[in-house]
Amino acid sequence: MRRSVFFVLVSGMAACSPGATKDSAAPVDSGFNLDTDLNPEGGIFDPTKDNDGDGYLFADDCDDRNPEVNPGAFDLPGDAIDNDCNGKVDDADDCQDASLKLESWNPYEFAQALGLCRFTKGDATGKAKTWGVLDAKLVRADGIGAPERVQYGIMSKLGGWVTPREGANFVVLSSGTARPPSHADWVAPRDPSFITSSVVVPPAGWPRNTAGCPAPFDKTANDSVNLRLTIRVPTNAKAFSFDFDFYSSEYITYACSAYNDTFVAILQTSVAMNPSFGGNVAVDGLGNPINVNSGFFEVCSPGTAASGTKYPCPKGITELQGTGFWNDASPQDHGATSWLQSKAPVAPGETITIQFMIWDTGDHALDSSVLIDNWKWDVKPTTGPDTARPR
Ligand SMILES: [Ca+2]
Ligand SMILES: [Ca+2]
Ligand SMILES: [Ca+2]
Ligand SMILES: [Ca+2]
């Protein structure tokens with residue numbers, strides 16, 4: 001009876017008690033004792049305080065005995081608990097991103113297309129202090145300046161085969177044009193390539209190449225675009241994941257050269273990560289970046305690069321059709337990774353910054369693009385960052 005009594009007494013103070021509807025008709029136990037009945041450990045339970053130490057007072061917290069349940073948590077699907085105290089059990093955020101437009105220039109809509117559609121403020125308190133996006137910007141690789149508008153877009157499909165991993169849309173960033181070949185502003189990623197005059201300084205440690213391939217000639221990020229998000233992490237999240245699909249026109253002629261473009265996702269977190277990763281969480285298990293030299297580059301026509309590297313291309317070229325990363329006369333030009341999933345650690349409740357960015361390395365030609373989608377929080381810690389094929 002302890003549980004039933006608890007919910008009867010607090011029903012007017014905490015609107016989102018799990019099980020409140022089911023239990024509220026139960027008879028009141030006249031022998032109720034505030035100190036011993038409410039706290040399962042038998043300690044003092046104080047309705048004026050934050051009894052579980054999760055940063056949310058009893059009045060704001062729908063389960064003040066469980067630090068994993070509060071208005072700052074994300075609602076974990078399938079556990080039959082209203083983890084985020086919004087009164088609905090197991091309700092995932094519906095990003096309702098179907099109405100977003102290809103040519104959007106609102107960075108918050110790019111977060112929404114990714115699957116991040118809870119927005120909050122840095123000075124929020126009490127129940128209003130939820131997890132969510134605090135700030136969103138579309139900038140160059142140095143975190144300032146404005147990319148050309150055609151370098152970013154929101155798409156529901158690319159070519160004949162590539163569709164979202166979550167919701168109705170995904171984000172596209174490009175060192176060329178983030179437009180389908182049917183669009184008036186599209187420029188072929190190779191011959192001629194999309195070329196701007198933008199040359200900026202990338203994050204510390206970049207650009208770099210895969211071990212065994214030539215280092216970049218210069219240390220600049222050319223024609224860069226950077227979706228920069230500042231996010232308050234849910235109080236119950238220890239990791240997050242996102243999906244991406246990297247395309248490059250460098251295959252196969254320029255594979256393993258000093259020109260290789262890389263997609264990076266630079267994470268700023270309080271969790272210690274392997275410093276050799278250069279802050280990048282879109283890495284394989286060895287810390288290698290995702291580029292034309294990655295073992296994940298499997299959507300292509302088989303060949304051997306000038307470096308001697310063999311590309312078995314087990315996923316074939318079907319996914320390239322209609323994407324613009326395609327040459328009827330020479331199917332061995334262009335390739336992609338297909339959808340991959342990266343996972344990285346965070347500390348519960350902290351504020352992180354993640355910068356999804358891509359640029360041309362070595363010059364401004366031979367463009368690369370990346371599709372990004374399906375942001376998800378995880379209550380389980382990860383040993384990553386690491387990248388794998390999603391299930
Ligand atoms: Ca609390
Ligand atoms: Ca909920
Ligand atoms: Ca839940
Ligand atoms: Ca370019």
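The model is predicted: local features need pLDDT of at least 70, side-chain atom pairs count only at pLDDT 80 or more, and totals for chains, interfaces and linings use all residues. Residues are numbered from 1 along each chain as its sequence is written, with chains lettered from A and ligands numbered from 1 in the order in which they are written.

**Whole chain.** The secondary structure comprises four helices and 14 strands; helices (H or I, at least four residues) and strands (E, at least two) are DSSP runs, numbered from the N terminus. Of the 391 residues, 46% count as buried, a term that requires 20 or more other C-beta atoms within 10 Å of the residue's own, whereas 12 or fewer make it exposed and values in between partly exposed, with C-beta atoms placed from the backbone. Among contacts between residues at least 6 apart in sequence, 70% join residues at least 24 apart; a contact requires C-beta atoms, placed from the backbone, to lie within 7 Å.

**Helix H4.** Select residues 107–114, which form helix H4. Its buried residues are Phe110, Ala111, Gln112, Ala113 and Leu114. They pack against several strands, among them E1 (132–139), E5 (221–232) and E13 (368–378). Gly115 follows H4 and has a positive phi, near 105°.

**Gly72.** Gly72 counts as buried because it has 29 C-beta neighbours inside 10 Å. Leaving aside residues up to four places away in sequence, Gly72 touches residues including Tyr56, Trp131, Pro234 and Gly349. Select Asp84 as well: its C-alpha atom is separated from that of Gly72 by 6.2 Å, although the two residues are 12 apart along the chain.

**Backbone exceptions.** Most residues other than glycine have a negative phi, and most peptide bonds are trans. Select Asp191 and Pro192, which are joined by a cis peptide bond with omega about 15°; Pro192 is in the loop between E3 and strand E4 (199–200). The peptide bond from Gly384 to Pro385 is also cis, with omega near 20°, and Pro385 lies in the loop between E13 and strand E14 (386–388).

Finally, select the loop between strand E9 (310–311) and strand E10 (335–336), which contains Cys313. Phi of Cys313 is positive, near 50°, and the residue is partly exposed, with 18 other C-beta atoms within 10 Å. His334 is in the loop between E9 and E10 and has a positive phi of about 75°. His334 is buried, with 27 other C-beta atoms within 10 Å.

Note on methods: Contact = placed C-beta atoms within 7 Å.
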